[in-house]
Each structure stands twice: as structure tokens, then as C-alpha cells.
Amino acid sequence: MRAAAEFARVLKPGGRVGLSDITRAPGPPAELSDLMSWVACLADARSAATYSDLLAGAGLTVTVVENHDEALTDMIRSIAARLFATEVLAGLGTLDLDGIDLAAAKRLTKEAKAAVSERRLRYAIVSATKGSR
């Protein structure tokens, strides 16, 4: 990853970098590989170990790898609540959903929630430092 090499290049000795991202177990499950999953940045998510390897490969020392799945669960709950409100408003006729595939969004939310509970989809923080020279 060119970004990891750039982090290593611009950090001063002793400098730190931190990444936070949705991560996933290797091998994308079919239900999270469609266009909607790509748009939601789930289909191409990498594992926390991959991020660690990229940073280490750039010459940085990985100091922290933490999973914060509760943050992802909270985000999915928030999205589900907004989708529910959208559905209610559309049902009341106060919101036009022409061209919006609400069913696909609800399906993706349900599948993402299941993937988090199965630990196939996670949220991680990875931190690394540049050694002193």
C-alpha cells in the first residue's frame, strides 16, 4: 500500500500513525460482495492483520491493534433506525423514494449486522510508530 510507505516517509523518528477502519475476515462472503457493499466500503475491507502487515512492511513498528466492534454495531443500529424512519416517511407519503432501493439497503444492514455478530466484519484501530534513528 503506497499510503503505508508515505506514512513511513513523512513521519519523524518516533512519530506515530493510527488507522481506524472497518475490517473483515479473509475471503469476502458472497452476501457482502455486491455493488451496495462496495458503495458502503464493506466489499473491499481488509483484515486488521493486513493493515498491520502493510505498516510493518513499510518499516513501521505496529504498537496497537484493537477491535472496537461496538462502534460498528452502533453505526449499523443508527443506519437501521434511519432506514426505518425513511420507510415510515415514504409510507406516509412525505418522502419520495423514486430510484432508491430501500429493500437493498435494509438487506445490506441486516447482513452487516449478522457479519459483525459472527466476527466476520469488525472495526479496528491499528497504530504504528517510526523508529528513532
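My entries follow, starting with the ground rules.

**Ground rules.** I am working with a predicted model, where local features need pLDDT of at least 70, side-chain atom pairs count only at pLDDT 80 or more, and totals for chains, interfaces and linings use all residues. Residues are numbered from 1 along each chain as its sequence is written, and side-chain values use heavy atoms, with hydrogens and water left out.

**Overall fold.** I found five helices and three strands in the protein chain; these are DSSP runs numbered from the N terminus, helices being H or I of at least four residues and strands E of at least two. Along the sequence I read the pattern α-β-α-α-β-α-α-β. The radius of gyration is 18 Å, well over the 14 Å that the globule rule gives for 133 residues, so the chain is more spread out than a compact globule. (The radius is taken over C-alpha atoms, and the rule is 2.2 Å times the number of residues to the power 0.38.) I also noted that the C-alpha trace spans about 65 × 30 × 25 Å along its principal axes.

In what order do the three strands lie in the open sheet? I read 1-3-2, with antiparallel pairing; two strands pair if DSSP finds at least two bridges between them. Strand 1 (16-24) and strand 2 (61-67) are the edge strands, each pairing on one side only. Nine bridges join strand 1 to strand 3 (residues 121-129), and I found R16 opposite T129 in strand 3.

**The pocket.** Helix 4 (69-91) and helix 5 (102-117) each supply at least two.
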